[in-house]
Structures are given as structure tokens and as C-alpha cells.
Amino acid sequence: MSQNKIAIINSKSFGRYFPEQIERLEAVGGVDFYRDIDPNIGAIELAELLQQYEYLIPSVTPKFPREFFENSPNLKMISRHGLGFNNIDIEAATEHGVYVTKIIGDYERDTVAELSVAFIMGLIRHVVPADRALKTDNWGKKADFYGTELHAMTVGIIGLGNIGSRVSEIVHNGFGSEVIAYDPNVSYEKMKAHGAIKVELNELLKQSDIISLNAAITESSFNILGEQEFAKMKDGIMIANTARGELVVENELADALRSGKVKSYATDVFATEPITADNPLKDFEFNILTPHIGAYTDLSLKAMGDKCVEDVELVVAGKKPIEIINKEVVPR
């Protein structure tokens, strides 16, 4: 087997806009692309498909569970092309001497936060349905797009970490909105420094006029918004999600949209990606749905791709990569 085999997995953007990144990888090894691996592929089948590779650069899919690592004896590193890593069994990777790395948080902070704010503005001013109406010769529908003003709203942010804190800064400092936030891992003082007031989840649900989801997926945040939580919100609440689809129970959200409890939902992320043709979130006029484009800006993609390439270059050279998740790993 030739050494330094590298696979790019389920990333539609890696190398597309910055071909020099592929050239750098080719300088240290062979590079293959797997753009459309089934997100739900079995661990054994995935391991068999990728058994020749020592370095993997995957997107948010597929999943890399324990069985994958048990059947991947040549693997040295998974360098995630993105911030999250919940699709990778970190404990198993560590046991098998495989580095797992992620993108440095600052690379996506501004770009994803700005999309969150774009979603908020799009929801409160109904930009997408108004555009659609005009393009279908429905100028007369303009009265349906009665909006509100962000400076007069209470914005609730769930997850005030790297990206959520930037959303708070933009909304509070830029628009003058009151921002309240729920994040058990962030102190009152730190939230205040970013322009937010720390509250408990129930208080946020009751007080917010619009909610921005910016939390990572953990045991406590998985499906954090479901039927019971929607019931506590103001009638006509609007919700924006640029974090993870699994933060929301989608079928219960669809019920809340049908009843009018939730007026509209803007999301870049879904529980299943790509979304299915019958996903009910597509059925609501005022919803905004985008295909996981949060990091799709020139600055962000350049920085993300360069970092993944540097990870490979470093390990090939016998050095440690950057932003190691499992720092206790002992490389083979």
C-alpha cells in the first residue's frame, strides 16, 4: 500500500475554490474524493471503503463509530472540515491511536454568526416570502409581509459560546436589542461582556420575541426544543438555527408551525442531511431553509481548508496536528 493516502469525504467545497489546497495534499500523498457517501452508511462498509487511507478529511457526515475504528488499522488522523465532531467516536479513536482534529473556532465565528443575524432579519421582515411573491406576480400580497423592528425585540440566544456570543454582540451593540441567553457553561459576567443577560431556559422561552439557536449538541442540548418548550413560548415566536438540526424535534416543530404557535423557522441545519423530499419544514411560506451553508464564505473556507491541509502535512512530518480533540492519543 502506498503511503500517505488521503480521502476527502462528503465535502462539496473542499478544494473547489482553492485548488492550491489539493496541490499541497498531493505533494505529500495521494488524494481521492468521496463526495456522496451515504450519511447513514454502516460502520463496517465505511471501513472497507476507506481501509486504504491514513488521513480522512470529512464533513459533518458520515458517522465514524467504534466499529469503524476497530476495522481501520491504517488510519492515523481524521481532520474534521468544520467545528463539530459529534459524528466521531472520540473514545474509540483515542484507543486506536487516531488523532481527531477540528477547525479553530475563530474560523467560523463571524461567518456563521452573520448568517444567524441574516436569518433573524429575514424572518422579522419576511424577505424570502416577499421576494417569492413579487417573482410570481403577487405584488398585492405586500400587506401579508407586515414585520417588526429588531431594536424593539427581545432576542433569546440558546448557546452563548464561540458563535452565539458573536450573535449577541452584533444584535445588542449593532441594533440595540435586549439579548437574553441560556448557556449553563457560561457565567453571568462573561455573558454580560458580550451584551447578553444570563437567564434559565424557561425564562428565555417565555420572554423572547425571537430565538437564535447557537448551541453545540450535547446530552443536555439534544432536542432541547420540543412540544413542551414551544408551548411556553410567545404566540408567533420566530426561531433561527445555524447550529445543529438535532437541537429541535422537527416533527413537533412542524406541529407548532401548523398551529401558528411558531410563526416561522429559519434553518441551515437539519436532523437528517440532505433533507428528504417530504420534510414538512418545506411546507411553510414564511420558513427559510438553506443547505448547510453557514461556513460558505471565501474567508472561512480558505482558513478551514488550509488548516486541514496543515494537519496532514504536520502528521506526515512526524509532528502533532493543530486543535487536537483527543490530546491524550498516542499515535502509532
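**Labels and their grounds**

Modeller: Start with Val 28, which counts as partly exposed because its relative accessibility is 22%. Keep in mind that this is a predicted model.

Biologist: Why is Val 28 called partly exposed?

Modeller: Buried means under 20% and exposed means over 50%, with partly exposed in between. Val 28 has 22%, so the label is partly exposed.

Biologist: Where is the place of Val 28?

Modeller: Val 28 sits in the loop between α1 (19–26) and β2 (30–34).

Biologist: Which residues does Val 28 touch, not counting residues up to four places away in sequence?

Modeller: Asn 4, Ile 6, Val 312 and Val 316. The cut-off for a contact is heavy atoms within 4.5 Å. As for Lys 5, its C-alpha atom is 8.8 Å from that of Val 28, and 23 residues separate the two along the chain.

Biologist: Val 312 belongs to the buried residues of α12. What covers the buried residues of α12?

Modeller: The cover includes β1 (5–9), α1, β3 (55–58), β4 (77–79), β5 (99–101) and α5 (106–125). Among the buried residues are Leu 301, Met 304, Val 309 and Leu 314. Asp 306, Lys 307 and Asp 311 are buried too.

Biologist: How do you know what span is expected of helix α12?

Modeller: The expected span is 1.5 Å times one less than the number of residues. Helix α12 (residues 298–316) has 19 residues, so 27 Å is expected. From its first C-alpha to its last, α12 reaches 27 Å, close to that expectation.

Biologist: Which residue with a positive phi follows α12?

Modeller: Gly 318, with phi near 85 degrees.

Biologist: What makes Asn 10 worth a mention for its phi?

Modeller: Phi of Asn 10 is positive, about 55 degrees, although the residue is not a glycine. Asn 10 lies in the loop between β1 and α1.

Biologist: On to β9. What makes β9, helix α10 and β10 a right-handed unit?

Modeller: With the strands pointing away from the viewer, a path from the first strand over the helix to the second that runs clockwise is right-handed. The β-α-β unit of β9, helix α10 (residues 227–232) and β10 is right-handed, so its path runs clockwise in that view.

Biologist: How do you know that β9 and β10 pair?

Modeller: Pairing needs at least two bridges. β9 and strand β10 (residues 237–241) have 4 bridges, so they pair, and the sense is parallel. Ile 211 stands opposite Ile 239 in β10.

Biologist: How many bridges join β6 to β9?

Modeller: There are 4, and strand β6 (residues 154–158) runs parallel to β9. Val 155 stands opposite Ile 210 in β9.

Biologist: Why are both faces of strand β9 called covered?

Modeller: Buried means under 20% relative accessible area. Ile 210 and Ser 212 on one side are buried, and so are Ile 211 and Leu 213 on the other, so both faces count as covered.

Note on methods
Residues are numbered from 1 along each chain as its sequence is written. This is a predicted model: local features need pLDDT of at least 70, side-chain atom pairs count only at pLDDT 80 or more; totals for chains, interfaces and linings use all residues. Side-chain values use heavy atoms; hydrogens and water are left out. Buried means under 20% relative accessible area, exposed over 50%, partly exposed in between (1.4 Å probe, protein chains only). Helices (H or I, at least four residues) and strands (E, at least two) are DSSP runs, numbered from the N terminus.
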